[in-house]
Amino acid sequence: MTADDPSRALHWENVWTGKAPETTSWHQREPTMSLALVEASGIDRMQPVIDVGAGASPLVDRLLDRGYADLTVLDIAAAGLDRTRSRLGEAAHRVAWIVADVTAWKPQRRYALWHDRAVFHFLTDADDRRAYGRTLAAALAPSGQAIIATFALDGPAKCSGLPVQRHDAASLAAALGSGLRVLEARTEVHLTPGGAEQKFIWCRLGRAAAPKA
């Protein structure tokens, strides 16, 4: 699959129409690591945050609960976002919703924080990874940060029937480009609803400081 490939959207529409969120391998009742890294970023709760490839993740619920006031949720599958909107009820009106392939999306504003749990590792094609990096560069505010999680080098080789590109902190930063450097890296072992272990690498990244004259 390549950037803006219709089969990519169809795959994820089928996932979200065919499965209950709590049965998917990536399901988390509590997005503990995401919240810890959002807090570590130190951003003000009034600053804009985008969760990319969020699907039915409860992260947006928890951020609303904590007073984050400018939230955007993006996913390639409308069905995934529909599940989250339905779950939030009236609170869904406090969130901006975008249906788009992140590799082809053209951001209309900039964000203080970009969050992506397990989208980037599905980009096994180098052109797709470069396209993602360009989108991230366009979407991130000059002093913004990105939180990105992928399967670790010893993590699964596939997810949802698709191959993945595994990373460590160095390869993730190199693949993203965009002048980003790793501010911190953490590891996590995610336990799927079926009881399998999946090893993740989490990175919080920021723009590299300009060299001094």
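**Close-up views of a predicted model**

**View 1. Strands E1 and E2 pair in the parallel sense over four bridges.** The model shown here and in the following views is predicted. Within this pairing, Val-49 has Leu-71, a residue of E2, as its bridge partner. Strand E1 spans residues 49-52 and strand E2 spans residues 71-75. Strands of a sheet pair through backbone hydrogen bonds, and the pairing can be either parallel or antiparallel.

**View 2. Seven strands make up an open sheet with mixed pairing.** Read across the sheet, the strands follow the order E3-E2-E1-E4-E5-E9-E8. Strand E3 (95-99) and strand E8 (180-191) are the edge strands, each of them pairing on one side only. On average, neighbouring strands of this sheet are turned by 15° against each other, with direction ignored. Strand E5, which runs over residues 140-151, contains Gln-145, and this glutamine counts as buried because its relative accessibility is 11%, under the 20% cut-off. The C-alpha atom of Gln-145 lies 17 Å from that of Ala-54, a residue 91 positions away along the chain.

**View 3. The largest pocket has a volume of about 770 Å³.** Its lining comprises 44 residues, of which Trp-12, Gly-53, Ala-118, Val-119 and Phe-122 are the closest to the pocket centre. At least two lining residues each are supplied by helix H1 (6-18), strand E1 (49-52), helix H3 (59-65), strand E2 (71-75), strand E4 (111-117), strand E7 (162-163) and strand E9 (197-207). Helix H1 gives the largest share of the lining, namely three residues. By residue class, the lining of the largest pocket divides into 22 nonpolar, eleven polar and eleven charged residues.

**View 4. Ala-118 and Ser-160 are loop residues with positive phi values.** Ala-118, which is among the residues closest to the centre of the largest pocket, sits in the loop between E4 and helix H5 (126-139). Its phi is near 75°, a positive value in a residue other than glycine, and Ala-118 is buried, with a relative accessible area of 13%. Ser-160 is placed in the loop between strand E6 (158-159) and E7, where its phi is positive at about 55°, although Ser-160 is not a glycine either.

**View 5. Helix H4 covers residues 78-88 and is followed by Gly-89.** The buried residues of H4 are Ala-79, Gly-80, Leu-81, Thr-84 and Leu-88. An α-helix has 3.6 residues a turn, so residues three or four places apart point the same way. Gly-89, the residue after the helix, has a positive phi, near 65°.

Conventions
Residues are numbered from 1 along each chain as its sequence is written. This is a predicted model: local features need pLDDT of at least 70, side-chain atom pairs count only at pLDDT 80 or more; totals for chains, interfaces and linings use all residues. Side-chain values use heavy atoms; hydrogens and water are left out. Buried means under 20% relative accessible area, exposed over 50%, partly exposed in between (1.4 Å probe, protein chains only). On a 1 Å grid over the protein atoms alone, a cavity is a set of points where a 1.4 Å probe fits but cannot get out, and a pocket is an open set with protein on both sides within 12 Å along at least five of seven lines; lining residues have an atom within 4 Å of a point. Grid points are joined across faces, edges and corners, and a volume is the space filled by probe spheres set on the points. Ala, Val, Leu, Ile, Met, Phe, Trp, Tyr, Cys and Pro count as nonpolar, Asp, Glu, Lys and Arg as charged, and the others, Gly among them, as polar. Two strands pair if DSSP finds at least two bridges between them. Axes are lines fitted to C-alpha atoms, for helices over the stretch in contact, and angles run from 0 to 180 degrees between N-to-C directions.
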